[in-house]
Every structure is written in structure tokens, then in C-alpha cells.
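Have a look at the sequence and the model first.

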Amino acid sequence: MTSTTKRALLGCIADDFTGATDLANMLVRGGMRTVQTIGVPASNEALEADALVVALKSRTIPAADAIAQSLAALDWLRAQGCRQFFFKYCSTFDSTDAGNIGQVTDALLDALSSDGAGFTIACPAFPENGRTIFRGHLFVGDTLLNESGMENHPLTPMRDANLVRVLQRQTQSKVGLVRYDAVAKGVPGVRAAFDALRENGARMAIADAVSDADLHVLGEACADLTLITGGSGIALGLPANFRRAGWLNEQADAAQLPRIDGLSVVLAGSASKATNAQVAAWRETRPAFRIDPLAAARGEDVVAQALDFAQPYLDRCEAVLIYATATPDEVKAVQRELGVNEAGHLVESTLASIARALRERGVRKFVVAGGETSGAVVQALDVRTLRIGGQIDPGVPATATTGADPLALALKSGNFGSTDFFDKALRHLDGAAQ
């Protein structure tokens, strides 16, 4: 039978903005109409969607604050009628020994205990983007996580590829492992592993996955779990669970977005290898302006400088890149002078101010690189809800704001996207607007 209710089925909490759109993209690909909110909405008015994704900015804040925000999101999602819940974090398990993945997972399990939650998995695998887990170790391509460049991340340096150890340092709950040999036995093998782990006192378990087929197996095996945690990849198998239960209406085009006209810009704040390559590719043939954090710290009006640079190109309806992307050595030099938190905040606030001013100048299509940067930009643009469209690159969909004077946005995690992503995203946003 098919449900006639318009209440959401899956309620998701993401610890950053690009991670939220990454997850929403996966759900749309599975045929679920998906709406992403920026923060926890003030109203409990029901949103018409199959899946709701609450985007927080909680990845690197103090654990107590991350827990409070996540529980507020959970309360809102429960009020929306969601049947199952998902805590989404990055496919490179971005965190520190201080959190926040383990602590937030513990809090969500506690809050959902009355709904039967007592065990969950942690699976950041995303094979389509080269993130795989084998015997509990996370690989980025053919390289262990701690040798992939993530060991140099300015906020969440990842120096241990063994995710069981990483997660165990963040929680007093026992952490186990659903090994690949169990996943290879299919859904019955995974569920047997769940039972054995529960009997052994485990409350969480890292789950191996090296292919999309593994993610489909894990997704089906998790159909009865109240809470699931992981990267967007594990969501690959979730829409089918709702379809098999008769709760998911088939949609002709879950990814359809409205037409949006206006000028275009690319903003990049990530220092990842992928974004550095994307910036370099753009600069070979296209106009670009680099934000200097040290100049901003000295009091120079770098916002005005960026706008003055961009205006002649906007007058010709030509897209321009404004970026603060730098090499790891350059980032460390700025951090030594300004401090880690101040350097990151300065870049984010500067790009956010530029985005706000560009909107006033007629820009309606924004491509943004970097999770923290995307969070700052959407807040500056007062974005409250996004409807999720088609995929641009794995993990990165086109999106459109709802309400009057809509915007088209592509919000990219720093590590995602092909080298020509910026051009590709602008073409996609233009095409989605036709």
C-alpha cells in the first residue's frame, strides 16, 4: 500500500552545510523529495517532503554546544513525524579526540531510547568519491586517511586511519566493528553481526564498506535501526527501505528545481587539495581575486577590494572567482600569526560579507567551496530552506532557495568535485534555471 501522508519519513541532522547537501543529494537520487533547512526552523509547520535535512554548523564547536544543537534538531524532526533518524558527518570522519561524532551519537541514542534506539553504526564510506573502509581503516583512494592530506587539516587533523580507535576516544560507549566478511554475507550476515555486537555490549560499530553494493547491503540491514550515523554514502540504501514498506510515493522528478536568473559568482574558502586544484584550473583562463587574511587583519578593506575587482566582470555578465584558498604551508603561516580560530573566522566572515554585497549587486547564482565557508555564506544570505536538485558531481547537488527572490546554490565540501568543478557547477546552475 502507498501512504497518503505528506509527513516526512527520514529526519537527518548534518554537522555542516555542505555535508547536508551531500546527504540530500544522495536521497534525491534515490527518489526522495528532500528539503534542507539551515539550522533548526523556528516553526513546527509541516514541510512537504519525504526527507528533511537540518544543516548545523556543529562539526568543530565545543561538544556540549554540538550536542545541544543536535538535540534541538532532533526535537524538530520528531515533531515533523519522521520515522527514522540519521546523523551525518564527513566521509573523512572529520573530528578530533575531543569530538564531536561520538558525543553527539551518544546524546542522540539517549534521546531516542524510548523509540528503541540502543545501537547504531558509524559508516563514513563513500566509494564513489574514493572513501572506503576495510577492517575499520578509512582509505582515501589508495591511501590511508592519515596519509591523504587530512593529517594537515587546519581544524580537524586526522592522524589515525583506524576509525574504531578514533571513535572510541570520543565516547565511553563500547565501539565495535562490522567487518567486511560479515558485509560480504549480505543483509543476514550484517544483522547477525549487529546482534553479536549488542550482546557483547557495543553501542556503536564502525561498518566496513568498499563498494556501493556494500552500502546497499548495510542500508537494508539498518531498516529497523532508529538511528543511523555516517557519511552520505550509507544513505544510498535507505530510500529503498521506505519504498519496500509502502511509505514512499514514487516521484516523477524528485530533483526538479525552479528557473532562477541572475549573475553568477564562485567563492572558495577551503584549503583542501581538491579546492586548490579547482582554483588553479579556474585561474588559468578565468578572472580571480584572492583574499589576503593578513591584510584583512591589518584593517584593509579587502571586501571593497574584491567587489571593485568583480564589478567590471559582473557588468559583462561574466562569472568571477573570489577565493581565500591556500596551500597547507600558507595556511599554517597565517594561523601562526592570527591563531587557528581567528584565521578561520576571518576568512569565513570576509567571504560572507562579500556574498551579501554581491547579492545586492544582482548575483543570484553562487558556487561555494568549503563546508565552513558555505555555512557562513548561507547565513549571510539569510537562507532558511533549500530544495535539492540534481547532482553536479558526487556529493554535490544543485539547490534552490524557497520563497521570494530565490537563489541557486552549489555548496561543495572542500574535498569534493572534479578539477573543473567550478565551470561545471555554473553550467549546471544555468541549465537548472532553464
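## Ground rules

This is a predicted model, so to speak of local features we need pLDDT of at least 70, side-chain atom pairs count only at pLDDT 80 or more, and totals for chains, interfaces and linings use all residues. Residues are numbered from 1 along each chain as its sequence is written, and side-chain values use heavy atoms, with hydrogens and water left out.

## Two domains

The chain splits into domain 1 (10-245) and domain 2 (263-430), with bounds that come from an automatic or database domain assignment. Taken over C-alpha atoms, their centres sit 27 Å apart.

## Where the domains meet

On the domain 1 side, 30 residues are in contact with 34 residues of domain 2; contact here means heavy atoms within 4.5 Å. Interface size is often quoted as the accessible area lost when the parts come together. For this pair that's about 2500 Å², with 58% of it on carbon and sulfur atoms. Buried area is the accessible area (1.4 Å probe) that two parts lose on being put together, summed over both. In domain 1, T18, I38 and K57 lose the most area to domain 2, and together they make up 23% of what that side buries.

What about polar links? The rule finds two salt bridges across the interface of domain 1 and domain 2, a salt bridge being a side-chain nitrogen of Lys or Arg within 4 Å of a carboxyl oxygen of Asp or Glu. The side chains of K57 and E348 also form a salt bridge, at 3.2 Å, N to O.

On the side of domain 1 that touches domain 2, α1 (17-29) and β2 (34-38) each supply at least two residues, and α1 gives the largest share, eight residues. Helices (H or I, at least four residues) and strands (E, at least two) are DSSP runs, numbered from the N terminus. By class, that side has nine nonpolar, 13 polar and eight charged residues. Here Ala, Val, Leu, Ile, Met, Phe, Trp, Tyr, Cys and Pro count as nonpolar, Asp, Glu, Lys and Arg as charged, and the others, Gly among them, as polar.

## A three-stranded sheet

β6, β7 and β8 form an open, antiparallel sheet in the order β6-β7-β8. β6 (131-134) and β8 (143-144) are at the edges with a single partner strand each, so one side of each has no neighbour in the sheet. Strands pair if DSSP finds at least two bridges between them; β7 (residues 137-140) and β8 have two. V140 stands opposite T143 in β8.

## Another salt bridge

The whole structure holds 27 salt bridges. In one of them, the side chains of D15 and R59 meet at 2.8 Å, N to O. This pair links distant parts of the chain, 44 residues apart: D15 is in the loop between β1 (10-14) and α1, and R59 in the loop between β3 (51-55) and α2 (63-79).

Which residues does a cis peptide bond join? G99 and N100, with omega about 15°. N100 lies in the loop between β4 (84-88) and α3 (101-111).

C317 isn't a glycine, yet has a positive phi of about 60°. C317 is in the loop between α11 (302-315) and β14 (320-323).
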